[in-house]
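Please keep the sequence and the structure in view while reading the points.

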Amino acid sequence: MGAGPERPDWVSQWIQGQRLLLQQWRPGEVSALSDPATFGQNLQAFLASGSPWIEGAGAQIFDLWRTLLPGAGGGAPGEWPAIGPLGQQLGELQALNAAVGEYERLAAEWTAALTKVHQEALDLLSRRTAELENAGRPPRSARELYDLWVDCGEQVYARVAHSEAHCRLVADLGNAGIRVMEARQVLIERWLKHLDLPTRSEVNSLNLRLGKLEREVERLHAPAGIAKRAPGKRAGRPASSAKTPSDARRVRSQTTRRK
Amino acid sequence: MAMQPDASATDPLPDPAGFGRQVLKGLEALRTAGEVLTAPTPRDVVHRQDKLVLYRYRPLPAAVDDPGSTPVRTPLLICYALVNRPYMLDLQEDRSLIRGLLRRGVDVYLIDWGAPDGADRFLSLEDYICRYLDRCVAHVCASHAIDRVNLLGVCQGGTFSLCYAALRPERIHNLVTMVTPVDFHTPDNLLAKWARGIDIDALVRVAGNVPGELLNSVFLSLQPFRQLGQKYVGLAELAADPVQLRNFLRMEKWIFDSPDQAGAAFRQFVTWFYRENRLRAGSLELGGQRVDLARLAMPVLNVYATRDHLVPPAASLALRELVTTEDYNEHAFDGGHIGIYVSGRAQRELPPAIAGWLRQRD
């Protein structure tokens, strides 16, 4: 804080309260299912649990399984080879699992970035309120403080949002979400086919054929409109008094002033 | 984040109990507010094609501040964006650009693109601009036995209007663009920066039509503190005023009333405009023809908002260097992307400016 009267207690307390809230709020953790190391550890623990069934009738099978587990990783389902009669389905499930894991990882990164924005906004708010009370104009109401916090938040957010790193993160997160949708759609299509229900692929095919037919009919019946020209041909310029952009030209501007 | 009122003796905060009562009153007002109506200005359906509806507005008595204005003979066709519903232009009686134009003697038509469903996922920009928009222009011309219309494009609809006017300049008498992006690569365009890295082909392939909710969340995340928090904090105060509350609810209705976007057209728009900036570069082709803005020899009025965070002014002002008309005009509105339609100042300023400009060139 700078020289001048002390900051009102309630301002400092509000800012401190927000910092505590941020500390309590942790970014999402990656789910155990999609994290091979966690899965492997859980599996190892299960196999070593001394369950009578594991040590009895299933002993030989589980002994073989234990020796096949690759190291401490354990081998999550995502790493099993997708072969055999159900190999394709397993591969599709693995793709979905991998996509979900990647999405969760990026979502956690994005959440962490936003948390940092909140923290920096509070730092900026702290500096701003200090400047204001140095100038003899401290916030006089909770609403005034809140609005100031929003201004600080938007300022910090704009700087971060425009950065190349954040733009890349947003795009990566979006693309990861798209891959989850893609992987999910593959499974849904498979099940729809099993149930003999129309799939999206079939409907798309029909839609494309119908659209093509519709446009052809419209083209045959339409009056002169924008005719589709063969690629490579260009429409001639209409006869007009148009000049090149470099020619002198009046640009009339009307500007408004804030009253 | 919620406010945490403190009850210490030196606390300048208002009485927390009083604030609580205010919030409860606000909630009760919200609960009993009922349905809010929009688009109050009478209009008729004059043309339909697939999901598209073309409206013609009925004439209104002259404005008090412009009683002697002569009608503008050439009708005005308004081409709105795809990403929102067009009733923003006629939100309520005292917040209506359309009403303002009607009361100043303009004959107004409005294209409502409708809400795409799965059957529309393969509609392309060529469909929207070269078929739908062209057919609307043809309808208006035939209805009035004229060769050319006045065309007013809003935001993405303005981009469409520019493309159409470049392809069919002989059909356009005067062209007005409002908050219209032309250059999608200006440094302050956050949407463009985000769009560059997204695998739009995969998105459209898997989603088909792009959900309106997804676009909403993207727009809101441009200013998250204001749009997701501050706006609602203010609601406790204005909820006590039924008129202000209903105004707020109309805006809320419009903001979240976003149609899905036809997949193919969306993919093309993001790729060709946001990513490749083809319109600015002069490399855009539609219907086998190059879209050359140098063909815009008709009078042009370019209206932009000086504090527009969605279409930064520089994105609109790029039009200046691309058209060849000798009658190019700009109008700077001191406000934001939405305020240019719904603010009180916009109602006083823009209808007279646009109607007057059209009348001078009628």
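1. A residue is called buried when its relative accessible area is under 20%, and exposed when that area is over 50%. The structure discussed here is a predicted model. By this cut-off A:Trp149 is buried, because its relative accessibility is 3%. A:Trp14 likewise counts as buried, at 3% relative accessibility.

2. Over all chains, the count of aromatic pairs comes to 13. One of them is formed by A:Trp14 and A:Trp149. A pair of aromatic rings is described by the distance of the centres and the angle of the planes. For A:Trp14 and A:Trp149 these values are 5.8 Å centre to centre and 80 degrees between the planes, and the pair is edge-to-face.

3. Which parts of chain A does this pair tie together? A:Trp14 belongs to helix 1 (residues 9-24) and A:Trp149 to helix 6 (residues 142-162), so the contact joins parts that are 135 residues apart in sequence.

4. In chain B, B:Phe160 and B:Phe269 form an edge-to-face pair, with 6.2 Å from centre to centre and 80 degrees between the planes. B:Phe160 lies in helix 4 (residues 156-167) and B:Phe269 in helix 11 (residues 263-275); the pair therefore links distant parts of chain B, 109 residues apart. Both B:Phe160 and B:Phe269 are buried.

5. Ring pairs join B:Phe160 and B:Phe269 into a cluster with B:Trp113, B:Tyr128, B:Tyr132, B:Phe184, B:Phe273 and B:Tyr274.

6. Rings in chain B also meet charged side chains. Over the ring of B:Tyr55 sits the charged end of B:Arg43, 3.6 Å from the ring centre. The ring of B:Tyr87 has the charged end of B:Lys253 over it, 5.8 Å from its centre.

7. The backbone deserves a separate remark. A:Asp196 has a phi near 55 degrees, a positive value in a residue other than glycine. Where in chain A is A:Asp196 found? A:Asp196 lies in the loop between helix 7 (164-194) and helix 8 (200-221). Is A:Asp196 buried or exposed? A:Asp196 is exposed, because its relative accessible area is 71%, and the cut-off for exposed is over 50%.

8. B:Ala39, although not a glycine, has a phi of about 50 degrees. B:Ala39 is located in the loop between helix 1 (16-32) and strand 1 (43-49) of chain B.

Note on methods. Residues numbered from 1 in each chain as written. Chains lettered and ligands numbered in written order. Predicted model: local features only at pLDDT ≥ 70, side-chain atom pairs only at ≥ 80, totals over all residues. Heavy atoms only, no water. Helix = DSSP H or I, 4+ residues; strand = E, 2+ residues; numbered from the N terminus. Buried < 20%, exposed > 50% of the residue type's maximum accessible area, 1.4 Å probe, protein only. Phe/Tyr/Trp six-rings, centres within 6.5 Å; stacked < 30°, edge-to-face > 60°. Lys NZ or Arg CZ within 6 Å of the ring centre and 35° of its normal.
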